[in-house]
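Please open the model in your viewer and keep the selection tool at hand. The stops below go from one chain to the other.

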Amino acid sequence: MTNDADRLWNKYLLVAQGAEGIVFDPVSLGSASLTADEMKRIRDNEPQILAEMKQLGFTSEPPAAPQRDLIFDRINKLGMTGKPPRISGYRIVVTDRCNMTCTYCFVDTNTGADDITIPELREGLEYLFEQNAGQEEVTIQWFGGEPTTRFDLMQYGDEYALELAEKHGVGRVQFTVVTNGVLIKDPMIEHFKKFKYGVGVSFDGAPDDNKVERFLLSGKPADQRIHRNIQRLIDAGVHVGCNLTPTPLNVSNLPDTVEYVLSLGINFIYVNTPIPISGRWHVDGEALCRAVFRSRLLALSRGAMLFSSLDRIYQALDTRLPKMYEHIQQDGGLNAALLSRGRISILDLNWRDDSFVFPISRLREQPELLAGAAKNLLPAKECAECPAAAVCGGPSRNDVSLRNNPEPDPQMCDFFQVGLELALTDQTGLQ
Amino acid sequence: MPKPREQKDNHLIYADAVGSRGKSGVWFGEREDFKAKQVSVMDAVKERIEWVPVEDAVMAISLDPPGIVLMAPNPSLPGIIVLADGATSENTEHLKKHYTEIVQGVLKDANIAQED
């Protein structure tokens, strides 16, 4: 993909669909489909079609300003600053201990670092609920390492979270856990049911695929145990999802993997966004995007749901609102990582980079520090005229930190540009 | 007239994409909530319109081209209703033709005459 895709009147992206086409405004995020006849009439500058296009907000006049400036004007008018007023959800990094060793894991595991303690957990949760007094919801996701190795802390934290929710008038607490699914025991299943958990099991698909990147510390695969545990969770009525991590080896057969996951009775699939832990995207952006697009439709065709970064594009197109700040949640808050020793990382996926990690006491005194999670929008020269600029916004703070480079990874650019064109061809309104 | 993309910002009308908070699990429990809301919305809609039940209706999702097709037995006349929606008129026509042919194939295999 390049930024030289067809532009109508030097402004609008024109995506051919046979003799028909879809026109897209990268600034307003509006789009419209054109029949073959309408395409021809536009090429002929026929006055009636120009008037119809104008009614829809597409004008043939030259751009009033460079695309980048127009996008910035729009987000300023919309009041989008990228500065969250509060933390509304935690990824609680309860331990770095893990019973597996997966080649692509972005977390440093089994370092010997201390697990979070009960007083630290209490302090973190109190800070979260105080900030969210009167709010509709806060989210808590247990993370590690393998969080179920410290199920005792999960139980304690969940009970305390509900107590704090009542005290501070928070409407609901959404509990989730990201687990490898190996250590699930009956008391956990009962607890997950009681607290209406969403249990996200990370695995890579069928046993032959799973054993490529994911093993127990002993070096053995654990597929049978994981699949048995998934079945136990589903049979007990627990909401189970699957977190799939795209790799160069599995991306081409992602739809097959999705078929396999669906065959296990799992109806929620989340395809992780590549994390450039070694300084770059290891997955081909265009191939990933096409695989995710097809997988999404496949999941929908079976009554299931598949989430990925493509959703940001659909949301932007369907609501006409920019989706440039991925760190801002639907409720306007920030999802942060609660760490041991009374610390919080304002990037929920990065606690290696000290510049994003603060003591809770400091965040209480200087809440403006949360703004540090906001990325620099459209930082690169090629961002300026990118058709996907308002749905991508440029690399996240985490990407910039991991890549040590403020410019976007070319594979990420491909993902969003191809994703934009694919999403424009799909207005099924199914997800 | 060119056809603008529909605006979808209401989960009760369209099950829209999750937000950037769409990490694993966030929506798991919400599915029950929105299904309950869908039922209450449909109940209210039914109070405002004349309607007939359409039993055994199904929706197919096409992967290529992307689109949705609703197929349902006509509740008051012989035949099967096929409604398709793709992003462009060509895609919509393609979907309608393809799925109509499937219905016709079934009719033929079952030796059921297609009524004019």
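Helices (H or I, at least four residues) and strands (E, at least two) are DSSP runs, numbered from the N terminus. This is a predicted model, in which local features need pLDDT of at least 70 and side-chain atom pairs count only at pLDDT 80 or more, while totals for chains, interfaces and linings use all residues. Residues are numbered from 1 along each chain as its sequence is written, and chains are lettered from A and ligands numbered from 1 in the order in which they are written.

Select chain B, where you will find 2 helices and 4 strands, running β-α-β-β-β-α from the N terminus on. Of its 116 residues, 22% count as buried, meaning that 20 or more other C-beta atoms, placed from the backbone, lie within 10 Å of the residue's own.

Next, select A:Ile269, A:Ile313 and A:Phe416, which touch the most other members of the largest nonpolar core, a set of 122 residues. Such a core consists of buried Ala, Val, Leu, Ile, Met, Phe, Trp, Tyr and Cys residues joined through C-beta atoms within 7 Å. Apart from it lies another core, of 6 residues, including B:Ile68 and B:Leu95.

Then move to helix α4 of chain A, residues 118–131. Which residues of α4(A) are buried? Among them are A:Leu121, A:Tyr127 and A:Phe129, and what covers the buried residues of α4(A) includes β5 (87–93) and α5 (151–168) of chain A.

Key: Buried ≥ 20, exposed ≤ 12 C-beta atoms within 10 Å, placed from the backbone. Expected span 1.5 Å × (residues − 1). Contact = placed C-beta atoms within 7 Å.
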